[in-house]
Amino acid sequence: MTVYEGQRTIDGLVVTADGKPLDEHYEVKRFSKCGFEWAYEGLAPQQLALAILYDHLHDQERAIRLSEPFMKEVIANLDNDWTIAGERIDEFLQTSRQG
Amino acid sequence: MIRQRQIAFRKEYRSRIMGWYDGYLHLFTMCAMGAAAFYIYIQHIHDVAAWEWVTVPITFLFTNIFEWVAHKYFMHRPVNTKALRVLYERHTLNHHQFFTDDEMRFRDHKDWRVTLFAPNVLVVFILMSMPVAALLGTVFSPNVGWLFMCVATGMYFVYEFMHFCCHVEENWFVRNCPFVNTLRRHHTAHHNARLMMEVNMNVTFPIADWLFGTSDLDRGLLGHLFNGYDTRFVKKNLRGAPKHPDEAATVPVGSY
């Protein structure tokens, strides 16, 4: 399963999926004009939630629907640097009532 | 205990500071600019009427809310405007990685660069204050306009002083001085990576944090202002566990 990682570096934010830059997937839905952020509830964290969910599920409608609860439950609680394994996303999907 | 990522960040940040940077010169430049500004302001204030003094507390509250808004929505949120994004990059991506609640202290005066605003920020702040002062001066009286400038610029320096006190070594003054000790605990909690984007956004007096519910404390306004290092009123439902200033100063200063 894909491993997602994020870092706040001196040169900016770095978010990867298995070591490759994670696309914002603005073509699915554009919540934020400013890319990703995390550790709070807002539009940039929701864009990150959407990008991870879409990359994991390959399902636009479901990724959009789940982006808000995933942002609130997972993305808003991340540290400066973080790792989210596919198993953690599956765990969220199983417990989410909107899945 | 400081983590390896913070040690590495500090090393990288310091390697990028120009060799000639001198924290004392930075501080002196800012103070000289502030003194010049106040000299001009005070020259224009004459025979202040009782009602004109009301400008002081109102401007104080206004700047407290302005500080909260700027910190929350520009220093901790990515925005597309280049000039504003610099604030986010310097603050969230530099200042908050250099200082975490594991290690909040300067090593020496060269580290002041990552906390004190550049001198040109003071110029921009004064220029931003001038239209408001001109409006107040026209609508009410010239004294009101100049008093607004005094308090607004004064609060800029209070911000710098209080913030500076949050990043020095533990000492009698910062532990016991009212307001300073409150802000020092308040700001150490803010430097928790899980709290910094939402909690404790005031860097002078936690009035707007109390008003808007973004404080990590569950108590009244006076309790907020005179809380000191007390941790009994810390909320239980926060995303992270705020640390005490002592916990952010466990090793001899200058180790990292």
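Colleague: Before turning to the strands, which rule decides that two strands pair?

Modeller: Two strands pair if DSSP finds at least two bridges between them. In this predicted model, β2(A) and strand β3 (residues 20-21) of chain A meet that rule, with two bridges in the antiparallel sense.

Colleague: How many residues lie between β2(A) and β3(A) in their hairpin?

Modeller: Two residues stand between β2(A) and β3(A), and A:Asp18 in that turn has a positive phi of about 50 degrees. As a general idea, most residues other than glycine have a negative phi.

Colleague: To which strand is β1 (residues 3-9) of chain A joined, and by how many bridges?

Modeller: Strand β1 of chain A runs antiparallel to strand β2 (residues 12-17) of chain A, and six bridges join them. A:Arg8, for example, has A:Leu13 in β2(A) as its bridge partner.

Colleague: Where do the strands and helices of chain A fall along the sequence?

Modeller: Chain A has three helices and four strands, and its pattern reads β-β-β-α-α-β-α. Its radius of gyration is 12 Å, close to the 13 Å that the globule rule gives for 99 residues, so chain A is as compact as a globular protein of that length. The C-alpha atoms of chain A fill a box of roughly 40 × 25 × 25 Å along the principal axes.

Colleague: What share of chain A counts as buried?

Modeller: Of its 99 residues, 38% count as buried. The sequence separation of contacts is a further guide: among contacts in chain A with a separation of 6 or more, residues 24 or more positions apart account for 50%.

Colleague: Which residues have the most contacts inside the largest nonpolar core?

Modeller: They are A:Leu48, A:Ala49, A:Ile52, A:Leu53 and A:Ile75, in a core of 32 residues. Both α1 (43-57) and α2 (60-73) of chain A supply at least two residues of this core, and its largest share, eight residues, comes from α1(A). Leaving aside residues up to four places away in sequence, A:Leu53 touches A:Ala63, A:Leu66, A:Ser67 and A:Phe70. A second, separate core has 25 residues, including B:Ala37, B:Phe98, B:Met104 and B:Cys166.

Colleague: How many helices and strands does chain B have?

Modeller: Chain B comes to ten helices and zero strands. For its 256 residues a compact globule would have a radius of gyration near 18 Å, and the 19 Å of chain B agrees with this. Its C-alpha atoms fill a box of roughly 55 × 45 × 40 Å along the principal axes. In chain B, 34% of the residues count as buried. Among its contacts between residues at least 6 apart in sequence, 65% join residues at least 24 apart.

Colleague: Where does B:Asp47 lie, the residue with a positive phi although it is not a glycine?

Modeller: B:Asp47, with a phi of about 45 degrees, lies in the loop between α2 (23-43) and α3 (55-75) of chain B. B:Asp47 counts as exposed because it has 6 C-beta neighbours inside 10 Å. Another case is B:Phe179, whose phi is about 75 degrees; its place is in the loop between α7 (172-176) and α8 (180-190) of chain B. B:Phe179 has 17 C-beta neighbours inside 10 Å and therefore counts as partly exposed.

Colleague: How many residues does the contact take from chain B and from chain A?

Modeller: The contact takes 15 residues from chain B and 15 residues from chain A. On the side of chain B that touches chain A, the elements giving two or more residues are α1 (4-16) and α4 (82-98) of chain B. α1(B) gives the most to that side, with four residues. By type, the residues of that side of chain B divide into seven nonpolar, three polar and five charged.

Note on methods. Residues are numbered from 1 along each chain as its sequence is written. Chains are lettered from A and ligands numbered from 1 in the order in which they are written. This is a predicted model: local features need pLDDT of at least 70, side-chain atom pairs count only at pLDDT 80 or more; totals for chains, interfaces and linings use all residues. Two residues are in contact if their C-beta atoms, placed from the backbone, lie within 7 Å. Ala, Val, Leu, Ile, Met, Phe, Trp, Tyr, Cys and Pro count as nonpolar, Asp, Glu, Lys and Arg as charged, and the others, Gly among them, as polar. A residue is buried if 20 or more other C-beta atoms lie within 10 Å of its own, exposed if 12 or fewer, and partly exposed in between; C-beta atoms are placed from the backbone. The radius of gyration is taken over C-alpha atoms; the globule rule is 2.2 Å times the number of residues to the power 0.38. A nonpolar core is a set of buried Ala, Val, Leu, Ile, Met, Phe, Trp, Tyr and Cys residues joined through C-beta atoms within 7 Å.
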